Amino acid sequence: MARIELAGLGHRYAGNKDYSLQPQSMVWEDSGAYALLGPSGCGKTTLLNIISGLLVPSEGRVLFDGKDVTTLPPEKRNIAQVFQFPVIYDTMTVFDNLAFPLRNRKMREPEVRSRVQEIAEMLDLSGSLSRRAKGLSAEEKQIISLGRGLVRKDVAAVLFDEPLTVIDPHVKWLLRRQIKRIHNQLKLSLIYVTHDQIEALTFADQVVVMYNGEVVQMGSPQDLFETPAHTFVGHFIGSPGMNLLPCKADGDRLWLGEQSLALPPALAKTLGGIAKPLTLGVRPELVQVAAEGEAFDTEVLRMEDLGTVKILTARLGGELIKAKLGEHDTVVTARTRLRFVPERTMFYADGHRVA
Amino acid sequence: MKPINNMAWFLVLPVVLCVAFSAVIPLMTVVNYSVQDILGPDQKVFVGMEWFKATMRDPELHGALIRQLIFTGTVLTIEIPLGILLALSLPASGWRSSLALVLLAMPLLIPQNVVGTIWQIFGRSDIGLAGVAVNAMGISYNYTNSSLDAWLTVVIMDVWHWTPLIALLAFAGLRAIPEAYYQAARIDGASRLAVFRYIQLPKMSGVLLIGLLLRFMDSFMIYTEPFVLTGGGPGNATTFLSQYLTQKAVGQFDLGPAAAFSLIYFLIILLACFLFYTFLQQNQQSTDKSTGSGS
């Protein structure tokens, strides 16, 4: 168990002048369940490999419980990692697979035996300990990979690198639940890399969203939904994603295309001080049809009925707006007035949230 | 019931003819020779299994067979581990890797009789670079009159010629191992030896088995290189099976015994190949089983 701290950590692969991982600092609390979420190629695996020690970062430091481990090799770090494709030692039995990390560390055989039994019990592998690992199914192999990480008593954190990629959809949830159960049982720190938002949001207490080699937000699933710190988070999380509309603040008025609304004085002051182009972000759930009051006049394009909700797509100036409406809301006219819930509307400059 | 048109048999006729002339008739001719004593073009005596019995009791053949087994055993025990070692020490990628592979593959591109000639000259104790150098170091070396030297030269030549094949196969096997295996092994704290024993060797076993089969067959039928290099000598120290057979059939024109002998030779190779094949199939099946379940 350990608190993992990254201090000014950045990485450039040799011969590459662009950062694969932007220099940044952050703290991963002990025994938390973290998900590292982001599209392919955003630096998730690079970050994970730096934490596990497979990769030495080109700058910055990695601290476990305050101890600098930046240059320590993986076998000295007490980190377990489960990879995208199940790694199994084909010629060994399940028992020998689980015992392998212990035997490599010269643990005495009776201790190895009891420890392996214990972990096998926890992972429901007791029945297949004497089987050859070669013939097992992908999900069983993944469980064994996990088991190889867990047998070491001193393990500080378990890292998962998209572990469910090759698992059949109908057993995915089973495996995910098993991982979750083990987390609750052992209170291990877990870092779970995925590009699937549902997987991340259901699995983790804290979701770390990465974009272009940069951690753009670290927060609970609720935070990510309600106050996305970056336009990417707004767009990536939620279905459909956040509406992102270019806007302009001019004195106390907010302009969206040809139309404008009055801004509250405090917000007007904040936005007025920003020179960069502004983007307004609002969740489709928070776009409402307004009968009266201040609202934007939009052209209705289509309405999709998804059963419990309806998705309205409308055009405002040159931009499209999506609104999630209730089952009983109906829009029959060709134009409608839409309002955004003011306190839940965000503003972004250069992708980052400013208000 | 559908009408049966026997004319359809003519459709397979071309294949039947091809196989007949390329395999069945020659083989049957050999079988025919093996049961007769041929005294002249028109004088033949049926002798039954006589030649087979004689061949089995022929001390010269026993000698050739034993030499053959020792030779094949020796080159296999050197070439397989050496090939693996070479593959492990090759650079994994980049221009160095390409260069190393090209250099390594060179001996494989040289025709057998040229290989024989190269080593025949290279090893000569009067003008050959290696021969003169070894003698200059004070070690007496002459493959034309010392059996040991002749053996050493033939074995070294075969190792030089064919180890690259094993190395290339093993290299291909190594490259097919996903990086995650090495990463997992590092996290599991595996030693270099354990990585080889539990990851690299099992993953290479498929291609290595094919390499072993190829090298077994090739070395068991070796003819050209020793023929060019030593001519089977000194005496018959480096006379292997195929050379002995050629001496009998073409040199002495003992067609009957030669035919009986070639059939036995053929059966030995067939048996060995069958064993290899069965083993390969089993290996393949157990691999299929494990990959067929979704991984």
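Me: How many of the 355 residues of chain A count as buried, as a percentage?
Reply: In this predicted model, 39% of the 355 residues of chain A count as buried.

Me: And what does the secondary structure of chain A come to?
Reply: Chain A has 9 helices together with 21 strands, and its C-alpha trace spans about 75 × 45 × 35 Å along the principal axes.

Me: Which domains is chain A divided into?
Reply: There are two entries in the division, namely domain 1, which covers 4-235, and domain 2, which covers 239-353. The centres of these domains of chain A, taken over C-alpha atoms, are separated by 39 Å.

Me: New topic: which residues touch the most other members in the largest nonpolar core?
Reply: That core has 74 residues, and those touching the most other members are Ala35(A), Leu36(A), Ala157(A), Ile191(A), Tyr192(A) and Val209(A).

Me: What does Leu36(A) touch, leaving out residues up to four places away in sequence?
Reply: Counted that way, the residues that Leu36(A) touches include Lys44(A), Leu47(A) and Leu48(A), and also Ile191(A), Tyr192(A) and Val193(A).

Me: What share of the contacts in chain A with a separation of 6 or more comes from residues 24 or more positions apart?
Reply: Residues 24 or more positions apart account for 66% of those contacts in chain A.

Key: Residues numbered from 1 in each chain as written. Chains lettered and ligands numbered in written order. Predicted model: local features only at pLDDT ≥ 70, side-chain atom pairs only at ≥ 80, totals over all residues. Helix = DSSP H or I, 4+ residues; strand = E, 2+ residues; numbered from the N terminus. Buried ≥ 20, exposed ≤ 12 C-beta atoms within 10 Å, placed from the backbone. Contact = placed C-beta atoms within 7 Å. Domains from an automatic or database assignment. Core = buried A, V, L, I, M, F, W, Y, C linked by C-beta atoms within 7 Å.
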